[in-house]
Amino acid sequence: MSTPSRRIGCVILGAGRGSRFGGPKVAAEVRPNVRFLDEIARVAREAGADPIVAVVPPGTEAPEGVLLQPGGSGGAQQIHSVCLGLVKLANSPATGALVWPVDHPYVTLESIVAILDAAARPGALIVIPTFDTRRGHPTFFARGLWRELCEIPAGGARAVVHANASQVHEVPVPDEGVLRDVDTPADLRTDTETIRDAISGA
């Protein structure tokens, strides 16, 4: 977990239009009255992330303890939001940051703690959680890579990961939430709902 001597920030990426979802996902609810943004901020905060920055559409209400950074146009590449968030963290003592897309609101606290524990190891410039050998989110980037993330000419954060492959630490977690990407309203359906509909023939 983040400690006073090793501060880890968090950048929540929520500025997208959410065209496939039907609106900005930052305002979608993971459960009644709890937005994706609220849930991610809560888990990040409980894991010890500080400060937490959310790159969001103008007018978004801030969760407790979260700094808001208005995003660019909804059509901007995601790496632009990453850079906006990292710039907001630049004057903080954070030694690294979680980069967390808002459409991954089901990641557990235990997974975030595992990522932050791995980030404390020597040479861990990038830490990525995996489930069933597949890479998920959020990703930790050490502060030494922030400039590279903002200056990468093409390929976004994935290109930075590839360019620093020898410094990537994968952390297996028993948490499918690291892979659960909410693209459409149907992706919010629970396994119980899917089974119920299959039985009823819906």
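Helices, at least four residues long, and strands, at least two, are DSSP runs numbered from the N terminus. The model shown in these views is predicted.

**Figure 1. Overview of the 202-residue protein, with 48% of its residues buried.** The protein contains 6 helices and 10 strands. Among contacts with a separation of 6 or more, 69% are between residues 24 or more positions apart.

**Figure 2. Helix H1, residues 36-47.** H1 has 12 residues and spans 17 Å from its first C-alpha to its last, close to the 16 Å expected at 1.5 Å a residue. Because 9 of these 12 residues are buried, H1 is largely enclosed by the rest of the structure. The buried residues of H1 are Phe36, Leu37, Asp38, Glu39, Ile40, Ala41, Val43, Ala44 and Ala47. Directly after H1 comes glycine 48, with a positive phi of about 105°.

**Figure 3. The crossing of H1 with helix H3, residues 109-119.** Two packed helices are described by the angle between their axes and the distance between the axes. Here the axes of H1 and H3 come within 9 Å and cross at roughly 50°. The two helices are therefore oblique to each other. H1 passes H3 in a right-handed crossing. On the H1 side the contact is made by Val43, Glu46 and Ala47, and on the H3 side by Leu109, Ile112, Val113 and Leu116. Sorted by class, the contact of H1 with H3 has 6 nonpolar residues, no polar ones and 1 charged one.

**Figure 4. Helix H2, residues 78-89, and the elements around its buried residues.** H2 has 12 residues and reaches 17 Å between its first and last C-alpha, close to the 16 Å expected at 1.5 Å a residue. Its buried residues are Ile79, Ser81, Val82, Cys83, Gly85, Leu86 and Leu89.

**Figure 5. Helix H5, residues 156-163, and its buried residues.** Gly156, Val160 and Val161 are the buried residues of H5. They pack against helices H2 (78-89) and H4 (146-151) and against strands E7 (126-131), E8 (134-135), E9 and E10 (168-172).

**Figure 6. Proline 101 in strand E6, residues 96-101.** Proline 101 counts as buried because its relative accessibility is 5%, where buried means under 20%. Apart from neighbours within four places in sequence, proline 101 is in contact with Leu13, Ile40, Gln78 and His137. Of these, Ile40 is also one of the buried residues of H1. Glycine 16 is 85 residues away from proline 101 along the chain, and the C-alpha atoms of the two are separated by 9.9 Å.

**Figure 7. Threonine 139 in strand E9, residues 139-142.** With a relative accessibility of 9%, threonine 139 counts as buried. Leaving aside neighbours within four places in sequence, its contacts are Ala97, Leu98 and Val99, together with Ile126, Val127 and Ile128.

Figure 8. Most residues other than glycine have a negative phi, and most peptide bonds are trans. Proline 51 is located in the loop between H1 and strand E4 (52-56). Proline 138 sits in the loop between E8 and E9. Histidine 137 is one of the contacts of proline 101.

**Figure 9. Positive phi at asparagine 33 and threonine 133.** Asparagine 33 is not a glycine, yet its phi is positive, at about 70°. Asparagine 33 belongs to the loop between strand E2 (29-31) and strand E3 (34-35). Its relative accessible area is 69%, so asparagine 33 is exposed. Threonine 133, again not a glycine, has a positive phi of about 70°. The loop that holds threonine 133 runs between E7 and E8. Threonine 133 is exposed, with a relative accessible area of 71%; the cut-off for exposed is over 50%.

Definitions and conventions. Residues numbered from 1 in each chain as written. Predicted model: local features only at pLDDT ≥ 70, side-chain atom pairs only at ≥ 80, totals over all residues. Heavy atoms only, no water. Expected span 1.5 Å × (residues − 1). Buried < 20%, exposed > 50% of the residue type's maximum accessible area, 1.4 Å probe, protein only. Axes fitted to C-alpha atoms, helices over the stretch in contact; angles between N-to-C directions. Parallel < 35°, antiparallel > 145°, perpendicular 65-115°, else oblique. Left-handed = near helix turned anticlockwise from the far one by under 90°. Contact = heavy atoms within 4.5 Å. Nonpolar A, V, L, I, M, F, W, Y, C, P; charged D, E, K, R; others polar.
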